[in-house]
Amino acid sequence: MNEHVNVPPGGASGPDTGHSLPHNVEAEQQLLGAILGANDVLDRVDDLVKPDHFHDPVHRAIFAMAQARIAKGLATDATTLKNFVADIPGLKELGGAEYLLRLQLSAIATSAARDYAQLIHDLAVRRELIALGQRVSDRARTMREDVSPDDQIVTAETELFTLASSGTTARGFQSFLSALYDAVNTANAAYNRGGKLAGLSTGLNDLDRMLGGLHKSDLLILAGRPSMGKTSLATNIAFNVAKAWKRGRRDDGTEGTVDGGVVGFFSLEMSAAQLAQRVLSEAAEIPSELIRKGDLTEAEFERYLHAARDLERCPLFIDDTPALPIGQVAARARRLKRAPQGLDLLIVDYLQLLRGSGRSENRVNEISEITQGLKAIAKELDIPVIALSQLSRQVESREDKRPQLSDLRESGSIEQDADVVMFVYRGEYYKEREKPGEENLEAMTKWQQDMEQLHGKAEVIIGKQRHGPVGTVELSFEGRFTRFGNLVKPWQQGADPGY
């Protein structure tokens, strides 16, 4: 007959004062007894509980010892452990080695082990929340010139997000079979999706085909010289992703995003109102300069208001705080990820306007810290991150002004940390500035022909793609609406496709 072990609350930790931290000694006893009775139980709960999750230090030591022995393939029960537990502080008061036997005999059912493990894990999280609150309180009381309240908030949010993610993000090693299963599921989702994409659709078909969509945990750098339209392209992608957003039940049974995505947009250069105006200009098909001047017909204004009403439902969140430190970007992204709607895509415009921690010796090291931080956000939150970047002026000194990887400012770290590097290039912009004098008819004719070829076109040059091809994607560009779109090919206009 099994005897239920009853240890006073607090166990070997000392008497219960009425203010003890949340814990359940009986659940710890039941789990330890189940593991001692059947070592394979540990495999079922190893992802949930660690030694530190046990409140009673005696139980903590017993679990750690059993875990270490089972990992070596050694039989582990009350008998085989009895010669190794004499030095565990507090065990003697509970009966010494006999306590192990009572634990093993008291285990009710191994089938309930997972439930006990979950309870132990949850109570440990509660205790850590209490400890975290105490640390936040202690830090707030300590006055230090080198630590601002904002820094303390970032630290607290980082700790809170890490705690919230415990047991879910720390996966450790997984079998190749498990990895194969994940890979097949990703490919299956891509095959079943209309656009045959594994990642988020940008809304630009040729770009999607080249990238396979925007993949989770990827850092994508979108670079270009001023006036090339990198902010416009980023805004277009953000709008396309948010506009397509749908929530529902996913294949794994969970509730969440099933199409499109929730977008967070850090606009460090433009205000939120200016960014919204760009999106409205594209949606309403009204030139942005007319919107700024208020020079609209009644029909255009109605169209503008209708577009604004439609966009109210788009999950696009804008933060226009200037000169943000990378730590604040991470903290605010985590906050948005924790919110009920979640976060599926993060865009930063642009990375040179971010600040590091202040500990970097020079700007190159600071940019390295920023790009590493952005990549860490992508991996931690399991979302694609698009960061815009400036290009150096050396582009302007070349005859062919198409950018390349070496044109990235502080390029070493940006190129190294990015999964994808893309450049926006508009030949029309440069050709426009080469207009010859009216007296040179031949040159003028050639220039007009070139302008006709380049008008309304843009290129996205993929200079690096860690998991795919490099090359150039042609897009349409409507400057009046600051809008990029899919370029209609000659054969799509009814011309002979040439094959």
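Me: What percentage of the 499 residues in the chain is buried?
Reply: Buried residues make up 44% of the chain. Keep in mind that this is a predicted model.

Me: And how many helices and strands are there?
Reply: The chain has 18 helices and 11 strands.

Me: Take H1 and H3. At what angle do they cross?
Reply: Helix H1, residues 25–37, and helix H3, residues 57–71, cross at roughly 20°, and their axes come within 11 Å. Angles under 35 degrees count as roughly parallel, so H1 is roughly parallel to H3.

Me: Is that crossing left-handed or right-handed?
Reply: The crossing of H1 and H3 is left-handed.

Me: Which residues make the contact?
Reply: On H1 they are Val25, Glu28, Gln29, Leu32 and Ile35, and on H3 they are His59, Ile62, Phe63 and Ile70. By class, that contact has six nonpolar, two polar and one charged residues.

Me: Now H10 and H11. How far apart are their axes?
Reply: The axes of H10 (residues 230–243) and H11 (residues 272–284) are 10 Å apart, and the helices pack at an angle of about 70°.

Me: Parallel or perpendicular, then?
Reply: Roughly perpendicular, because the range for that is 65 to 115 degrees.

Me: Which residues of H10 and H11 touch?
Reply: H10 supplies Thr231, Ser232, Thr235, Asn236, Phe239 and Asn240, while H11 supplies Leu275, Arg278, Val279, Glu282 and Ala283. This contact has four nonpolar, five polar and two charged residues.

Methods. Residues numbered from 1 in each chain as written. Predicted model: local features only at pLDDT ≥ 70, side-chain atom pairs only at ≥ 80, totals over all residues. Heavy atoms only, no water. Axes fitted to C-alpha atoms, helices over the stretch in contact; angles between N-to-C directions. Helix = DSSP H or I, 4+ residues; strand = E, 2+ residues; numbered from the N terminus. Parallel < 35°, antiparallel > 145°, perpendicular 65-115°, else oblique. Left-handed = near helix turned anticlockwise from the far one by under 90°. Contact = heavy atoms within 4.5 Å. Nonpolar A, V, L, I, M, F, W, Y, C, P; charged D, E, K, R; others polar. Buried < 20%, exposed > 50% of the residue type's maximum accessible area, 1.4 Å probe, protein only.
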